[in-house]
Amino acid sequence: MTLDTDSIQPLPPGIAVCGDESAELTRRTYAQQPHAYRSPFARDAARILHSRAFRRLAGKTQVFTRLAGDPDNNYLSDHFRSRLTHTLEVTQISRTMARALGLNAELAEALALVHDIGHPPYGHAGEKALDTALKNHGLSFDHNLHALRIVTWFEERYPAFRGLNLSLGVREGIVKHSRDYAAAEHPELAEYFLDRYPPLEAQLIDLADEIAYLTADLDDGLDSGILVLDDVRAVVPLFSEFHDAALARYPNAAPRLAVYEALRRLLNEFVTDLLTEVRARVTSLGAMRLGDIRLAPQRLAVLGPRMEPVRVAAKKFLFDSFYNSPSQAEAHIHAAKVVAGIFAALMAEPELMPADHQAQISSQGLARTVADYIAGMTDNYIEQMWEQCER
């Protein structure tokens, strides 16, 4: 991805998470000595990268990992995004944007690496099924809040404390990067400044996530044959414009390379527009410090009037023609059946869970403990457990 850096000027330095005003955000639950040559947020990124939950993202669905109707892993499946490869793409975009705006790129990187760590198996179909199962017990599943549970409790990497002992700034970003929580409904989140917007580093992650998956899912959808090129061209005129330009410039290139070139340019256009709009809104607000961002009338990381309609159209098209397409319906039904079945089996026989999870029942309750266990599974692991339950 290449940005026109001449047109993207850095924001006022006081807006970035650094210096005296944001020193509190480097605070950890358990005090630790500063590292000799790494910043607090660089340490956080490393802790996330080396966690078991991060490694499990390689075995979790982004949209799909096999072609519909193919019981065996088709060779094309190796090229589709997993939750891990999606996370790495979001990290690259986030780090690039933060640097272009003069923000804290190490914080943006840490937040991007951790943003999907709370997702259960089977992608959004699995998350919906797990939430449905919990609602029968008066509970719900939120992947952001589950991610917070992972980094503050479930990960065990250090003898001195449980969790990863991440900085307050990263934990706040985990909670708030994609949505706002009401303090009255979530008193347990009181330390995360629920009455204020998160720093721009965290706000950017939500759009970086969407830019990454919109362009990547168009790519995977076309490669899989589920999406039709003419339909994409009709629904996303900007893609069609870039595709025509690629065909004209590279008339002898393989057809798929013209598609890749169009998608690359589309991604670049999204990012450049977002950077331009963020800078314009910060300037209009007259913001000079991090506190100005936190107390702004609304979030400032948004797309401009040219690219926002493109985002909306592409997202609707993907939901209608890809995520909820007939070809995906079988996978969604299977995911719901497996998650519900495993949840019921573990509720009936908690001893099927490992001892460390069984130990959580007294404090967390059986339903939440079962959900925590399922959420940590990879697609392959839950499939293996389902096969055992069906015997």
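These legends walk through close-up views of a predicted model. Residues are numbered from 1 along each chain as its sequence is written, and side-chain values use heavy atoms, leaving out hydrogens and water. Local features need pLDDT of at least 70 and side-chain atom pairs count only at pLDDT 80 or more, while totals for chains, interfaces and linings use all residues.

View A. Most residues other than glycine have a negative phi. Tyr 122 sits in the loop between helix H4 (105–114) and helix H5 (123–135); helices are DSSP runs of H or I with at least four residues, numbered from the N terminus. Asn 165 belongs to the loop between helix H6 (143–154) and helix H7 (168–176). Tyr 122 is buried, at 11% relative accessible area, and Asn 165 is buried too, at 5%. (Buried means under 20% relative accessible area, with a 1.4 Å probe and protein chains only.)

**View B. Helix H14 (residues 326–348) packs against helix H18 (residues 379–390).** Their axes, lines fitted to C-alpha atoms over the stretch in contact, are 10 Å apart and meet at an angle of about 65° (on a scale from 0 to 180 degrees between N-to-C directions). That makes H14 roughly perpendicular to H18, a label for angles of 65 to 115 degrees. Among the residues that meet are Val 338 and Ile 342 in H14, and Ile 382 and Trp 386 in H18; contact means heavy atoms within 4.5 Å. By class, this contact has nine nonpolar, two polar and three charged residues. Asp, Glu, Lys and Arg count as charged, Ala, Val, Leu, Ile, Met, Phe, Trp, Tyr, Cys and Pro as nonpolar, and the others, Gly among them, as polar.

**View C. The largest nonpolar core has 89 residues.** Such a core is a set of buried Ala, Val, Leu, Ile, Met, Phe, Trp, Tyr and Cys residues joined through side-chain atoms within 4.5 Å. Helix H8 (residues 200–224) gives the most to this core, with twelve residues. Look for Val 282, whose partners include Leu 11, Ile 15 and Leu 200. A second, separate core of 24 residues includes Ala 125 and Phe 343.

**View D. Helix H17 (residues 366–375) is mostly covered.** Nine of its ten residues are buried, including Arg 368, Asp 372 and Tyr 373. Among the elements covering the buried residues of H17 are H5, H6, H14 and H18.

Key. Helix = DSSP H or I, 4+ residues; strand = E, 2+ residues; numbered from the N terminus. Buried < 20%, exposed > 50% of the residue type's maximum accessible area, 1.4 Å probe, protein only. Parallel < 35°, antiparallel > 145°, perpendicular 65-115°, else oblique. Lists of a residue's contacts leave out its neighbours within four places in sequence.
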